[in-house]
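Hi everyone, thanks for coming. I'd like to walk you through one structure today, so let me put it up on the screen.

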Amino acid sequence: MKNIERTRNFCIIAHIDHGKSTLADRLLDLTEAVAERDRMDQILDTMELERERGITIKAQAVRLLHKRDDGDWMLNLIDTPGHVDFTYEVSRAIAACEGAVLVVDASQGIQAQTLANLYLAMEHDLEIIPVLNKIDLPVADVPAATEELVELLGVEEDEILKISAKTGEGVIDVLNTIVDRVPPPTTRGEQTRALIFDSYYDPYRGVISLARLFDGELSKGDTVQAMGTEEQFELLEVGCYSPKPTALPTLRPGEVGYIVAGLKDIEALRVGDTVTKTKDPATEALPGYAEVLPTVFCGLYPTEGDEFERLRDALSKLQLNDASLFYEPENSRMGFGFRCGFLGLLHMEIVQERLEREFDLDLIASSPSVKYEVETNGETVAITNPSDLPEAFDEIREPMVRATIICPKEHVGAVMGLCHEKRGISVGMEYISAKRVQLTYDLPLGEVITDFFDALKSRTKGYASYDYDRLGYEPADLVKVEVLVSGDPVEALSIIVHRDKAYYRGRALAEKLKELIPRQNFEVPVQAAIGRRIIARETVRAYRKDVTAKCYGGDISRKKKLLEQQKKGKRRMKQVGSVEIPQEAFLAALRI
Ligand SMILES: Nc1nc2c(ncn2[C@@H]2O[C@H](COP(=O)(O)OP(=O)(O)OP(=O)(O)O)[C@@H](O)[C@H]2O)c(=O)[nH]1
Ligand SMILES: [Mg+2]
């Protein structure tokens, strides 16, 4: 079964929650990749965080063996995340495959990320296998969803597979269609070329990378080099996930697997780089990946000042596994920390959580911001930290996005109203079926990263989805709203907003902070200001809340427990001047 003709590389793509990981479970079952006793739901969501949240964050590659009457087939499956913040994961997976299973939840129809991920797959000329999932649900509307897919893909109705990843109905057809329709990988040259599409750091074995072999072979013991960094190393092990890591003597042309380089220097092998053999090397590297640009920035600070170096180490290791993460050192009244860039707010939250869990750090994130361009005397600087906005400047420009929103036609009015409030400009509107509409708006990114998605969901009863692409920068009338706590400006709470909204946002922010900042032994005034003008003032009254006051009587264990709880609740606080400010306060601006 070493024949390249018998290999199929495919990924599963879909909108969030449409059932990719569940379908992957069923494919694993059918190919008996996992022993009965080891089975569990969404088995490929291996990270603790993924399991808790029920979402996929990282793409995962597994090898399956599909036995049919016409012989054995080797299938390399890559399960991808569906959330818009993790599209970079999807794009890298797509570049390692020849086919894509496009899953659509039959109760929801086509959603914004269905389109975004489909377009990515089409750009790479992947064979698309459309699958309607969740047909077991009573609310599934198979005819309507089928019509949408037929319209979108221009395929015949009977080319659309109808399955339930939950019950397993129809899943065998998915497997067979992959074998029959996805083309086998092709190779171009004799010299080895392997594309690195993911990496992570293992404390015992160093850097472990996932690779797709485009040409040639890689075997244990080979001396190889990364064409980008020109770093040389020996392969300590090669293998595949099935789904447990399984060592193999050789990775062959067209295959997907992992390589262990034993590198401790994590800069040496980057995602997107091409690995070739040192003896008889390839001359031209594979295309690699476009660099991704972060959209949201915040400062990350250790709650304890002396953890700065540990945070640096953690960020560099995490970046290996998450190439879209950006960071650089930053020093402010919050202490020493890093200004970090993310692909969205969920990405920011996930990175903070991963740093805390995987590297045992306690962190505070400052108010998130987008990147602005500020022009003064003909000179343009980019700022990602609102506190860096100078008092006087000639022009400030904000990043714009083109958003695609899909919703049932009865909610069009609500969506238009929301986009208008967020300073959006309508670009187009089109029916994707008799009942559902696709709206296109140009919006300032700064308005989209705040509560846009929550507002969209609540105003459409959860029936709308959205995705966006970046446009350029546009001038806007923006001002900085600063926050003073006990009379001291707290830079990390500053926000940049449109002048028309500055008063309202400033007042709302002060009110919110009053709720969030815990009472101290003294009175704490909280003020919002534009320039030198104070626009709002609230007061956090003195008196430290003593939770144990509630337990009169002398139950010491209960008292201890409460104190313990209070201590836990205290994590993620940062001493700024004389006041302790909790994490929620820094994120308050997102919810006003
Ligand atoms: N009733 C029913 N539920 C399903 C089916 N497939 C998936 N689900 C449920 O849908 C939810 C989401 O499933 P996942 O497999 O995690 O979805 P996903 O597409 O991998 O989600 P992300 O990776 O976060 O984008 C889970 O609660 C599943 O149990 C199905 O065929 N029928
Ligand atoms: Mg998933």
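Let me start with a question: does Lys461 count as buried or exposed? Keep in mind as you look that this is a predicted model. Lys461 counts as exposed, because it has 12 C-beta neighbours inside 10 Å, and 12 or fewer is the cut-off for that label. You'll find Lys461 in the loop between helix H11 (452-459) and strand S26 (465-475). Its backbone deserves a look too: phi is positive, about 55 degrees, although Lys461 is not a glycine. As a reminder, most residues other than glycine have a negative phi, and most peptide bonds are trans.

Asp17 is partly exposed, with 18 other C-beta atoms within 10 Å. On the peptide-bond side, Ser242 and Pro243 are joined by a cis bond with omega of about -15 degrees. Pro243 belongs to the loop between strand S12 (237-241) and strand S13 (245-248).

Now for the ligand. Which residues come nearest to ligand 1? They are Gly19, Ser21, Ile55, Thr56 and Gly82, out of 21 residues around it. By type, that shell holds six nonpolar, ten polar and five charged residues. Helix H1, residues 20-30, contributes the most to the shell, with three residues.

Next, the sheet. Six strands form an open sheet in the order S2-S3-S1-S4-S5-S6, with mixed pairing. At its edges are strand S2 (60-68) and strand S6 (161-162), each pairing on one side only. S2 pairs with strand S3 (residues 71-79) in the antiparallel sense, over nine bridges; Ala61, for instance, has Ile78 in S3 as its bridge partner.

Helix H6 (residues 171-181) lies across strand S1 (7-14), S2, S3, S4, S5 and S6, and runs at about 170 degrees to S5.

Last stop, helix H7, residues 308-321. Its 14 residues reach 20 Å from the first C-alpha to the last, close to the 20 Å expected at 1.5 Å a residue. Buried in H7 are Leu311, Ala314, Leu315, Gln319 and Leu320. An α-helix has 3.6 residues a turn, so residues three or four places apart point the same way. The partners that the buried residues of H7 pack against include strand S7 (193-202), strand S18 (326-332) and helix H8 (345-358).

That's my tour, and I'm happy to go back to any view.

Note on methods: Residues are numbered from 1 along each chain as its sequence is written. Chains are lettered from A and ligands numbered from 1 in the order in which they are written. This is a predicted model: local features need pLDDT of at least 70, side-chain atom pairs count only at pLDDT 80 or more; totals for chains, interfaces and linings use all residues. A residue is near a molecule or strand if its C-beta atom, placed from the backbone, lies within 6 Å of it. Helices (H or I, at least four residues) and strands (E, at least two) are DSSP runs, numbered from the N terminus. Ala, Val, Leu, Ile, Met, Phe, Trp, Tyr, Cys and Pro count as nonpolar, Asp, Glu, Lys and Arg as charged, and the others, Gly among them, as polar. The expected span of a helix is 1.5 Å times one less than its number of residues. A residue is buried if 20 or more other C-beta atoms lie within 10 Å of its own, exposed if 12 or fewer, and partly exposed in between; C-beta atoms are placed from the backbone. Two residues are in contact if their C-beta atoms, placed from the backbone, lie within 7 Å. Two strands pair if DSSP finds at least two bridges between them. Axes are lines fitted to C-alpha atoms, for helices over the stretch in contact, and angles run from 0 to 180 degrees between N-to-C directions.
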